[in-house]
2 protein chains.
Amino acid sequence: MATLRDVARLAGVDPSTVSRVVNGDQDLVIKEETRQRILKAVETLGYRPNAIARSLRLQRTRTIGLLVPDICNPFFPEVIRGAEAVASEAGYHVIFGNTDDDPAKERRFIDTLLAARCDGLILATAMTRDQTIEYLSEQGLPFVLVNRYTLGTDHYVVTDNLQAGREAVAHLIELGHRRIAHLAGPLFTDTGLSRLQGYRTALREAGITFHSAYVEECDFKEASGYEGARRLLQLDPRPTAIFAANDLIAIGVYRAAAEAGLRIPDDLSVVGHNDIPAATYLHPQLTTIRVPLNEMGRSSARLLVELIERGEATETPVVLKTELVVRGSTAPPRE
Amino acid sequence: MATLRDVARLAGVDPSTVSRVVNGDQDLVIKEETRQRILKAVETLGYRPNAIARSLRLQRTRTIGLLVPDICNPFFPEVIRGAEAVASEAGYHVIFGNTDDDPAKERRFIDTLLAARCDGLILATAMTRDQTIEYLSEQGLPFVLVNRYTLGTDHYVVTDNLQAGREAVAHLIELGHRRIAHLAGPLFTDTGLSRLQGYRTALREAGITFHSAYVEECDFKEASGYEGARRLLQLDPRPTAIFAANDLIAIGVYRAAAEAGLRIPDDLSVVGHNDIPAATYLHPQLTTIRVPLNEMGRSSARLLVELIERGEATETPVVLKTELVVRGSTAPPRE
DNA sequence: TTGAAAGCGGTACCAC
DNA sequence: GTGGTACCGCTTTCAA
């Protein structure tokens, strides 16, 4: 592949001149004839600037990393697309990786990105007791948290999970439910924890006693929601409603309910969280909390780019609005 | 951030020696004492090799690109994970991008990757009349096609889509259906086209006349499946079964059927293709063609790495087996 | 308006 | 067993 020197030789000029033309610096004045000669040489050789060499020289790669727990959770593709759109508009490209919520994997991936001298990082993987934040701060790498919050930084894009959980459960209470269970997310995540707190808050406000037997901790996957729901549905008295910490867990509830011969919403009301596309594939469609997934990705990328280029972000943290979307999976209890 | 020279200075050795130690070349013998001194210097300075500089020197980035039409289609996250797993095991990292099946976007993304001097490319975006293949060949960049095939290369990982379509439709015919419609994928994709051919083949083999009114072209999304199904369900006589070119389209059929007051499978049988996780979220669960998504990703990465490192691939092309998975969405026609 | 040259951070060949 | 050094491809300061 042709280099700057090849072009220079062909055009009969110095490499530095080619560089000036190729980069199209407005301030520099280049004789039109020279410019044309260079442009022609570029054309004939099919010259393509080497971004690696450029990065080395400029100490800037225009690359950002994006860590997600699991791209197969439909929550994340939407976030990724949002982030990618903004990043690429700003001239950055995104390297992403799955951590499976495994700190060792996360660390390994970050080390790779550090070696690659990426310009910044978006993390959708924060844990409530997180070592990564400190590590990144030490390394001086700009980063932004998305979705999951943790202590140690002011740069994050989240929603109010406590409020969302409270609203979800308040909806069930308004319908007349009293025996409301919760399939919590992992309690090492801020999102899992806050939604649980929202659940407890709503119960307290309604004067309903909290029973720990009505809470099961799951990971954010369908299989785990299914397992948790099976346990909840064997309780006596059985809950008449379940608030699932995310939609995948809620999908697990559907499966467990079907197996137990319970109909939704007649025998069991279900509320999810996130409003992933699959929420409307279900029958009945899932009542859930709508989260602006794409906008989350966009905001986090916007924040990060600002952080990289200006050293500080103007509007941070960002707290996005969520909204309860009532569909067919919730109804008054029958009894 | 510390450099090789910093380490050398601190350890009182030459940069080249540090390089030898850091890269742990087995053939070279380094005095144990020197090695220890260097390792300690690396430690105290928190030295981290600069992958950019290394890439420039070695003319190799250990980076591969992965192009998908749309990461929000649940087909792709699984493929991506498979590819990522193999790639990272082999010491490569993956840069991925969405093309939305827009050739201009695809071209732009490839140019970025070319500038970044990535070592190779996996394309899940091939079209039946594709300019990209030729372009990449010109550029001399190793690449592998996955899922979608097109002319111009022997390096691809696919399934037999014609056979799968034929099997899906044969299943419906065996159940007694005669009025079978098809919601085809985009006919600029090999997958869309081949599944349509499979549909026609199965009809022909059963002596059923092909009616073009029974075929609607969709893109591979739920919304488009819904629209297509609405049109099909208004036909007179109405089809008693639909073969959808993928599961998302099938999900659209469910929605259209529900709106039309038709029950699945009593009033309408549905078969999909791919067996994405959501196929089992549906009620009834979707009869579909299982595609080894993860393995597709793995194979394609394996092929590409081989292509990059050895200049040729031993087992290529790869044609993976699919399998009809009969679930609750297909039954004999009632009439 | 253009050229010369140093240097970004490594690697590897050639000495000693 | 270790040091010296040229070079990967580009940018940028300084000089002419």
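Entry 1: I began with D6(B) and R9(B), whose side chains form a salt bridge at 3.6 Å, N to O. I note that the model I am reading is a predicted one. I then looked up their accessibility. D6(B) is partly exposed, at 26% relative accessibility. R9(B), with a relative accessible area of 62%, is exposed, because the cut-off for that class is over 50%.

**Entry 2: helices α8 and α9 of chain B.** I next turned to R166(B) and E205(B), which are joined by a salt bridge of 3.0 Å, N to O. This pair links distant parts of the chain, the two residues being 39 residues apart. I located R166(B) in helix α8 (residues 161-174) and E205(B) in helix α9 (residues 190-205), both helices of chain B. For R166(B) I recorded 30% relative accessibility, hence partly exposed.

**Entry 3: a network.** I found that D70(A), D100(A), K105(A) and R81(B) are joined into one network by salt bridges that share partners.

**Entry 4: helix α3 of chain A.** I looked up E33(A) and R37(A) and found a salt bridge between their side chains, 3.0 Å from N to O. The two residues lie four apart in helix α3 (residues 32-45) of chain A, so about one helical turn separates them. E33(A) is partly exposed at 49% relative accessibility, and R37(A) is partly exposed at 33%.

Conventions. Residues numbered from 1 in each chain as written. Chains lettered and ligands numbered in written order. Predicted model: local features only at pLDDT ≥ 70, side-chain atom pairs only at ≥ 80, totals over all residues. Heavy atoms only, no water. Salt bridge = Lys/Arg side-chain N within 4 Å of Asp/Glu carboxyl O. Buried < 20%, exposed > 50% of the residue type's maximum accessible area, 1.4 Å probe, protein only.
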